[in-house]
Amino acid sequence: MKIPVNLQEFEATLRNEYPPSQWKPELQAMWWDAKGDWYRAHECVDHLSDRWASWVHAYLHRKEGDLWNADYWYGRAGKRRPSKPLQEEFTDLLNQIL
């Protein structure tokens with residue numbers, strides 16, 4: 001399966017049971033999050049520390065409600081915790097990864 005280039009293509013992949021293994025971990029994490037599996041999403045980026053993985057990691061901890069941990073990862077990503085709704089951040093983050 002090819003890497004999606006926009007939100008519509010990404011959403012179409014959610015019919016599958018698993019994300020493609022060739023996708024980068026950040027995109028796999030977003031896929032698991034969209035499927036409602038926070039734990040698997042977190043596993044995809046927990047061991048990474050680059051800018052994009054850190055932003056996904058921050059978003060996931062924000063979603064979890066662990067704001068202290070989220071703020072740490074936002075800092076690692078060079079960002080501040082946004083005040084926008086989580087779904088908006090999800091869309092922004094996904095668009096950046098794609």
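**Close-up views of the helix packing**

**View 1. Leu 93 and its partners.** Leaving out residues up to four places away in sequence, Leu 93 touches Met 30, Trp 55, Val 56 and Tyr 59; contact here means heavy atoms within 4.5 Å. A word on the model: it is a predicted one, where local features need pLDDT of at least 70 and side-chain atom pairs count only at pLDDT 80 or more, while totals for chains, interfaces and linings use all residues. Numbering runs from 1 along each chain as its sequence is written, and side-chain values use heavy atoms, with hydrogens and water left out.

**View 2. The largest nonpolar core.** This core has 25 residues, and those touching the most other members are Phe 10, Met 30, Val 45, Val 56 and Leu 93. H2, H3, H4, H5 (67-76) and H6 each give two or more residues to it, with H4 giving the most, at six. Helices are DSSP runs (H or I, at least four residues), numbered from the N terminus. A nonpolar core is a set of buried Ala, Val, Leu, Ile, Met, Phe, Trp, Tyr and Cys residues joined through side-chain atoms within 4.5 Å, and buried means under 20% relative accessible area (1.4 Å probe, protein chains only).

**View 3. H2 against H6.** Helix H2 (residues 25-34) packs on helix H6 (residues 86-97) at about 150°, axes 10 Å apart. Axes are lines fitted to C-alpha atoms over the stretch in contact, and angles run from 0 to 180 degrees between N-to-C directions. The pair is therefore roughly antiparallel (angles over 145 degrees). From H2 come Glu 26, Leu 27, Met 30, Asp 33 and Ala 34, and from H6 come Phe 90, Leu 93, Leu 94 and Ile 97. By type, that's seven nonpolar, no polar and two charged; Ala, Val, Leu, Ile, Met, Phe, Trp, Tyr, Cys and Pro count as nonpolar, Asp, Glu, Lys and Arg as charged, and the others, Gly among them, as polar.

**View 4. H3 against H4.** The axes of helix H3 (residues 38-45) and H4 come within 9 Å and cross at roughly 150°, which makes H3 roughly antiparallel to H4. H3 brings Trp 38, Ala 41, His 42 and Val 45 to the contact, and H4 brings Ala 53, Val 56, His 57, Leu 60, His 61 and Glu 64.

**View 5. Arg 62, tucked into H4.** Arg 62 sits in helix H4 (residues 51-64) and counts as buried because its relative accessibility is 13%. Setting aside neighbours within four places in sequence, its contacts include Leu 67, Tyr 74, Arg 81 and Glu 89.

Definitions and conventions
Buried < 20%, exposed > 50% of the residue type's maximum accessible area, 1.4 Å probe, protein only. Parallel < 35°, antiparallel > 145°, perpendicular 65-115°, else oblique.
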